[in-house]
Number of protein chains: 2
Amino acid sequence: MLNVPPESEADPVATVKPSQLMLSKEVPAEVGHLDSIQDKDVEEQKPDVLNMKSGLCYDPRMRFHATLDEVEDHPEDPRRILQVFEAIKEAGYVSAIPTARDAFIRIPSREATLEEILRVHSKDVYDMVKSSETMSREELVNLEKTNDSLYFNNQTFFCARLASGSAVETCNAVVNGKVKNAFAIIRPPGHHSEPNKSGGFCLFNNVAITARSMMARYPEQVKRVLILDWDVHHGNGTQMAFYDDPNVLYISLHRYENGRFYPGTTYGSAENCGEGEGLGKTVNIPWPCAGMSDGDYIYAFQKVVMPIGYEFNPDLVIISAGFDAAAGDPLGQCYLTPAAYAHMTQMLLGLAEGKLFVSMEGGYSLSSISTAGLAVAQTLLGIPPAKLHTVYATAPAVKTVEEVTRIQSRYWKCMRPIFHTPPTDYTHVNPLHEVVRAFQAKKLFDNWQMTILPISRDGLSESYANQALCSNGFFHRKTLVLFVHDPPDVLGSSQGNSNLLNLSQSAVVDYAETYIDWCLQQDFGLIDINVPELLTDADGRPYSSTEETKLLCLYIWDNYIELSSAEKIIFIGEGRAVPGLIHLVSSRNVSTRVKSVITFVGTDALCGIKTISNEDVPSWYYKHSLVLVSNGNVCWKKMKRKKKRYGRLVRTEHDHKGELMQQHYESIVQYMEKILRQ
Amino acid sequence: MLNVPPESEADPVATVKPSQLMLSKEVPAEVGHLDSIQDKDVEEQKPDVLNMKSGLCYDPRMRFHATLDEVEDHPEDPRRILQVFEAIKEAGYVSAIPTARDAFIRIPSREATLEEILRVHSKDVYDMVKSSETMSREELVNLEKTNDSLYFNNQTFFCARLASGSAVETCNAVVNGKVKNAFAIIRPPGHHSEPNKSGGFCLFNNVAITARSMMARYPEQVKRVLILDWDVHHGNGTQMAFYDDPNVLYISLHRYENGRFYPGTTYGSAENCGEGEGLGKTVNIPWPCAGMSDGDYIYAFQKVVMPIGYEFNPDLVIISAGFDAAAGDPLGQCYLTPAAYAHMTQMLLGLAEGKLFVSMEGGYSLSSISTAGLAVAQTLLGIPPAKLHTVYATAPAVKTVEEVTRIQSRYWKCMRPIFHTPPTDYTHVNPLHEVVRAFQAKKLFDNWQMTILPISRDGLSESYANQALCSNGFFHRKTLVLFVHDPPDVLGSSQGNSNLLNLSQSAVVDYAETYIDWCLQQDFGLIDINVPELLTDADGRPYSSTEETKLLCLYIWDNYIELSSAEKIIFIGEGRAVPGLIHLVSSRNVSTRVKSVITFVGTDALCGIKTISNEDVPSWYYKHSLVLVSNGNVCWKKMKRKKKRYGRLVRTEHDHKGELMQQHYESIVQYMEKILRQ
């Protein structure tokens, strides 16, 4: 029931009268919904949270684990934790010897127990790490060789247990309310360590052990845990530990590069979403390249991490906080500023009533991890995040987030619209470009009796079936137009919660049609070719469309145009067919009969006559061409002096090729009329 | 330049060796980007922010402004500010007499100056309010009558100036760093007060005056201000004050209801985005109904408010904090819990380096505003938000946010894909359903010589031209199938940053086609009708498709089927045509020749034989029907005993009608074969 007492009870005088403000008189149908608001929804939070401090764990003994290599330092350097701790100390938030005035309460370190470690790892992994405790130098070197990206000394086992146990203890202080949130500055890191296999600088999986331990110790309070892994590498170990667990949501942002980046498998792909009951509870955000920056991470947080985080509604949030996506990291090669780490932390503080535990993972620039770690610490303390370095996401980030959103739309309402893909086991699936071309063909047949022009050449894509049309008797016309263009624009409008289109709200906008109509009104011969976006061979394999359109244009010339009665020929090109037309001009002697080559280039790259061709060709082309280029085309910046071989360039105000064709229709037609009168 | 010193300088030993971790050897092309990271991006924040308190302004004298009506209280009740202040006091964050131990620093109130008020309002507005200071009771009542939703007494002018001045003073304390953020518990509210017209309980626009004053006083520090208005009413006054200002972003979430909700105009529609240089700097999120709750507001924040907020990158955030969307508010009729107010505040604290000023507006339940106001106060103090009441957005919210996103995609990168609409001044625009139907017709002609069945009846929509096809010689077949269905699924895939579809990645999936092929393989007669989503008459006006399909089915029966030689007839229906088929069964004597009526209903509402029809019809229909219903159809919950008039229901596991048709193809065909053998 509702905690809010009726107005009359709270205040006997305040009976609210209907007001002028209330223009809408209807009581909403959903008013019963109010009953579902429980006491807990409106009760005030306990004020003592105000005086709770943040927790911090640091134990210099974790530096004992070090490489035996005396020549070169290893990136997972013992000084990493010291540097982060020193930065926080220098900022005045902790003292070397803890005092009551410190902003952070110090959480004592401890070693993880066997029981805790076995919550995640096999006994074999435990025994393997333990075995290093008493090994000789030679044995340690051998152990290093049999493992992936690990080094050992006799303190490794102790340090690994100390890191895991300290993580458990620090998180425990958050869950039991001793501190409001906490930061464990620990090493060796953990997130690459799989249940049955350590690796990637990681011995025991600190974060996984911590999550499992909290769920075991507080079964009522901690039912759902979100682990957010912003280390620049994929946390394969953590993902594996919870892959079928519906109660642990693992979200990772990492460089992926089609599985080429460490750990070098496809396990961190966006398609890996968990299995069994855990399906949908793994969310990978795999960057396709290095160089990601503030705007990209914030974009992913806003579009994916936080919506899914809110929908999952965790009781505890753990950050697997590698700082190797920070600007300056030698391995990560990304550009996150400390502000980005602060903002990500700040956003996550909105979940789980602020119960947030930050556990350090990778990060290999000693200075970068210090500033990034300090920013996280400040945010935990309640200091507002600084402004970001950039607020815009880059194209690769937008594309990645879009892919993740599509995939996760199967599992999360907040990720909708649901993205359906055509069923693979069903025959009646037609690519939309075929459907659109069939419509065009039907219309051109109905209006102008245009028919299909056969194209039968080995090596030319099957995709061209139905894509070339010709007007009735084109072969005998004195004037012939070859028009090669992209398919029309199709503007989609979906039904809201999926990518099933609303057909009445979606439209095909065919800018080529006005030109076709004009040619046929003049009784010219017309060959109209539509170049599909994706060309495929008979087996459905993709083709290079540029090479293909070159072959196609030559084929049309050799088999039809050259043999026709046409005395005056005009080429019109738009979109991906333009290189094919230019190649034809370069390769055949077209100059006696072709009167003009008109191309709509828009923002695409300019396409020039091949320099090895007859030297008269570029001059001829320049005189007989009209190249419509958008104002925003980079060529205006790049090229100071425009070479003749690119043709006569006309700068227009429109970026979109369709608009360009539409807006310049009158002047192009006048130009063609003039050319043909000569 | 980068503040991070080279590793060698920071620490002479730490030369990082290439590691096994670094599988990808290429240095990214964008590496130069690093140069753009400035000192300020990596420098640590000043630690004294940690010890900064939050500010709070409250002056009981603002209660002097009150209605003269002695019979009824007015919703904008003087006790509103007292209640909010008391709630915060009772929670222990302020004392009646300020002390150094208070969590909030008290900001002294003051009256706004003429200069400050004239930054937003005309002198006429100022003089009108001032005039009330010395009026008689009768004059005050008259003044009330000449204004929209305002009341006056002799203290009104003083209180209005006190509210505006206190807002300015409180916000000033945030900007000049005296406090980290602040809350002004003030009345009368301000956001309905337009530059030239007060109204809606609002005299002077406190928030607008504050924003303008801060920008005037701190031209370097405060260049861009975000005003977030979560009052349940649209802040027409604030929107108008900054409509052409590129530096003040006004975002409002409000009940709109097509302009019927107060203030009762369309000025708060999603289409109103600012003008001139301010275009794109007004973002309205207009709810279509009452009853919005936590999940809806958080959804709007995640999808629109925060992405645009981050992209705008303000120097100061002001919340126009009405609490009339809170559960229990008599005017707002929405269901926000205090937690939702806390979360919205928490998110906004991520902007502008935490420089957030909360200014009270409406809110008319004395208890609801207390709990909501307390939640905001706690969040300002750094107390983490409680869990939300609901984390799911409702359908009206999703639809509204989608509309806003489409509109704002013109102005904000984060709102992309850009949503193009077909050009209105261009003739070659074809609705996709016509394109798809032309393709189907072509395919059915090519494969089966099916042709168009003429439909010429006054009152039947023009949309049916080309939508009815018939097999060659259907009129003379002994077995005839009438198949009425929706258009095929079109799965759209866009090009990433706009709704221009990628045609190769988009597909038409035609689940009806297998049934059509089967019928024609059996050499049955077939009438195939496609029912478009949106029927239009000759002038393009929309029609009711349910009524239309009823007319259509009767027309087909009367003009074709009844006159045909068919002895055995099967009706198959799918989607929006089903009511038409059932109407036909109810209205004509079909029982002697029709052997079965098969309908694919999926999750749609069941459709029954009209009860007024011949009483034999429901029994006949029950015996001769097969109705395929999804497992998730609400009928399974609602109806205990299924009535015969709904036909023989078959519960299937598929929700999507297409899948249902595909998966049950074999068994439906076997059923039809059996029926026809009898």
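A salt bridge is counted here when a side-chain nitrogen of Lys or Arg lies within 4 Å of a carboxyl oxygen of Asp or Glu. By this rule there are 54 salt bridges over all chains, and four residues, R110(A), E116(A), E169(A) and R217(A), are joined in a network of such bridges. The model is a predicted one, in which local features need pLDDT of at least 70 and side-chain atom pairs count only at pLDDT 80 or more, while totals for chains, interfaces and linings use all residues. Residues are numbered from 1 along each chain as its sequence is written, chains are lettered from A and ligands numbered from 1 in the order in which they are written, and side-chain values use heavy atoms, with hydrogens and water left out.

To describe their surroundings we need the relative accessible area, found with a 1.4 Å probe on protein chains only: under 20% is buried, over 50% is exposed, and partly exposed is in between. E116(A) counts as buried because its relative accessibility is 5%, whereas R110(A), with a relative accessible area of 23%, is partly exposed.

E567(B) and K478(B) form a salt bridge through their side chains, at 3.6 Å from N to O. Because E567(B) lies in the loop between α16 (545-561) and β16 (568-574) of chain B, and K478(B) in the loop between β11 (468-470) and β12 (479-485) of chain B, the pair ties together parts that are 89 residues apart in sequence. E567(B) is partly exposed at 48%, and K478(B) is partly exposed at 47%.

Another bridge in this chain joins the side chains of K657(B) and D604(B), with 2.8 Å from N to O. The pair links distant parts of the chain, since K657(B) is in helix α20 (residues 657-663) of chain B and D604(B) is in the loop between β17 (594-602) and α18 (616-623) of chain B, 53 residues apart. K657(B) counts as buried at 15% relative accessibility, while D604(B) is partly exposed at 30%.

We now turn to the packing of helices in chain A, where axes are lines fitted to C-alpha atoms, for helices over the stretch in contact, and angles run from 0 to 180 degrees between N-to-C directions. Helix α14 (residues 432-448) of chain A and helix α15 (residues 513-521) of chain A pack at an angle of about 25°, their axes 12 Å apart. Angles under 35 degrees count as roughly parallel, over 145 as roughly antiparallel, 65 to 115 as roughly perpendicular and the rest as oblique, and α14(A) and α15(A) are therefore roughly parallel to each other. Contact means heavy atoms within 4.5 Å, and here K443(A), L444(A) and W448(A) of α14(A) meet E513(A), I516(A), D517(A), L520(A) and Q521(A) of α15(A).

Terms used: Helices (H or I, at least four residues) and strands (E, at least two) are DSSP runs, numbered from the N terminus.
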